[in-house]
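User: I have a model open and would like to go through its fold. Can you take my questions as they come?

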Amino acid sequence: MTQTDTPSSQAARQKWMAVLARASARELADRLAALPALPEAEVLRAPETGLVMVRGRAGGDGASFNLGEMTVTRCAIRLGMHIGHAYIAGRDHARARLAALLDAALQDAVQHDVVMQAVVAPLAAAQQEARAVEARKAAATRVDFFTMATMR
Amino acid sequence: MTRLTPGFADPVLDAQASFRAILEAISRPGRIRTIDARITPPAPLCSAAGAALLSLADGDTPLWLDAGDRVGEWLRFHCGAPITPDIGRARFVVACGAAPSLDALDIGTDEDPQLGTTLILQVAALVSGDGWRLMGPGIQLENRLRVVGAPTDFVAAWVRNQALFPRGIDVLLCAGDSIAALPRSVMIAEG
């Protein structure tokens with residue numbers, strides 16, 4: 001819509017929406033509780049669950065095909081003049097509501113920095129750490145096929 | 001800046017209730033029904049017209065409307081319906097101000113008469129008991145309906161619309177939270 005007009009602000013919003021979408025309802029609720037109270041919010045579109053077709057391309061640039069459907073819950077909340085959206089995997093309505101609320105708060109220039117520091121930054125760090133642990137575990141079992149080829 | 005208002009509080013039950021009201025209005029042409037939708041669409045759209053659009057319009061039904069950008073944005077957000085500037089291609093035409101000529105709207109084809117446009121006409125008030133005499137399917141003898149704020153040449157245009165049957169335009173008349181329907185099968189005579 002109109003509030004994300006420049007490409008950089010759009011990219012920033014994509015980043016924080018991705019972090020919020022990956023966080024659990026509990027993490028979001030705990031971090032939100034630590035914040036000063038947000039102004040009154042209005043639910044524009046209550047959380048609703050549906051299916052989204054995930055499409056892929058072989059090799060990243062081949063012909064597109066339908067990979068399969070996934071369950072997605074979406075929600076839209078208005079906080080003052082800003083509309084927060086959330087699209088999350090699964091059917092957790094409380095999680096979608098919290099993510100949309102935080103997205104709305106993050107668009108507000110006054111609250112942006114506070115919410116970013118208290119909620120998004122720690123969640124992003126935790127998610128990054130979890131990914132790194134996973135990657136290390138996977139790397140430990142890595143087989144070097146080139147080595148095997150020369151051993152034969 | 002945007003100031004969107006919510007749609008139905010309970011999307012499933014409220015849409016079913018207003019669909020039911022529209023269905024009953026269409027099956028008893030000229031009988032006035034109330035849609036208790038508990039919504040506040042942006043001005044100038046009235047709540048009955050808003051509820052009808054939320055129940056009927058979706059991504060497959062292009063809309064044409066004269067109600068301004070805020071209403072367009074509200075309908076795009078809640079229905080996902082595309083807004084078209086071409087009145088002849090719209091499935092639903094929403095007229096809050098001067099009614100468009102019925103001749104400009106899509107009347108469907110003999111093979112697909114269901115593609116005919118539905119005109120959602122917002123009027124000042126609907127009064128039963130006097131005014132137009134309605135006859136046709138769904139009415140035992142005759143129904144009287146006075147439409148305050150209807151276009152002056154509406155009855156003449158309706159006679160032309162009726163001659164096209166089974167093709168034609170269906171009309172939903174909305175005023176506040178009341179709704180009455182004029183399906184293409186109904187005959188209208190001046191009272």
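Fold and packing of chain A

Analyst: Among contacts in chain A between residues at least 6 apart in sequence, 52% join residues at least 24 apart. Keep in mind that this is a predicted model.

User: Fine. What secondary structure does chain A have?

Analyst: Chain A has five helices and three strands. Along the sequence the pattern reads α-α-β-β-β-α-α-α.

User: And the overall dimensions, what does the C-alpha trace of chain A span along its principal axes?

Analyst: The spans are about 70 × 35 × 30 Å.

User: How many of the residues are buried, as a percentage?

Analyst: Buried residues account for 24% of the 152 in chain A.

User: Now the sheet. What is the strand order?

Analyst: The order is β1-β2-β3 in chain A, in an open sheet of three strands with antiparallel pairing.

User: Which strands are at the edges?

Analyst: β1 (41–57) and β3 (82–89) of chain A are the edge strands, since each pairs on one side only. Neighbouring strands of this sheet are turned by 25° against each other on average, with direction ignored.

User: How many bridges are there between β2 and β3?

Analyst: Strand β2 of chain A, residues 64–79, pairs with β3(A) over eight bridges, in the antiparallel sense. Leu79(A) stands opposite His82(A) in β3(A).

User: What holds paired strands together in general?

Analyst: Strands of a sheet pair through backbone hydrogen bonds, either parallel or antiparallel.

User: Switching to helices. Which strands does α3 lie across?

Analyst: Helix α3 of chain A, residues 93–107, lies across β1, β2 and β3 of chain A. α3(A) runs at about 145° to β3(A).

User: At what angle do α3 and α4 pack?

Analyst: α3(A) and helix α4 (residues 109–140) of chain A pack at about 135°, and their axes are 6 Å apart. That angle makes α3(A) oblique to α4(A).

Definitions and conventions: Residues are numbered from 1 along each chain as its sequence is written. Chains are lettered from A and ligands numbered from 1 in the order in which they are written. This is a predicted model: local features need pLDDT of at least 70, side-chain atom pairs count only at pLDDT 80 or more; totals for chains, interfaces and linings use all residues. Helices (H or I, at least four residues) and strands (E, at least two) are DSSP runs, numbered from the N terminus. A residue is buried if 20 or more other C-beta atoms lie within 10 Å of its own, exposed if 12 or fewer, and partly exposed in between; C-beta atoms are placed from the backbone. Two residues are in contact if their C-beta atoms, placed from the backbone, lie within 7 Å. Two strands pair if DSSP finds at least two bridges between them. Axes are lines fitted to C-alpha atoms, for helices over the stretch in contact, and angles run from 0 to 180 degrees between N-to-C directions. Angles under 35 degrees count as roughly parallel, over 145 as roughly antiparallel, 65 to 115 as roughly perpendicular and the rest as oblique.
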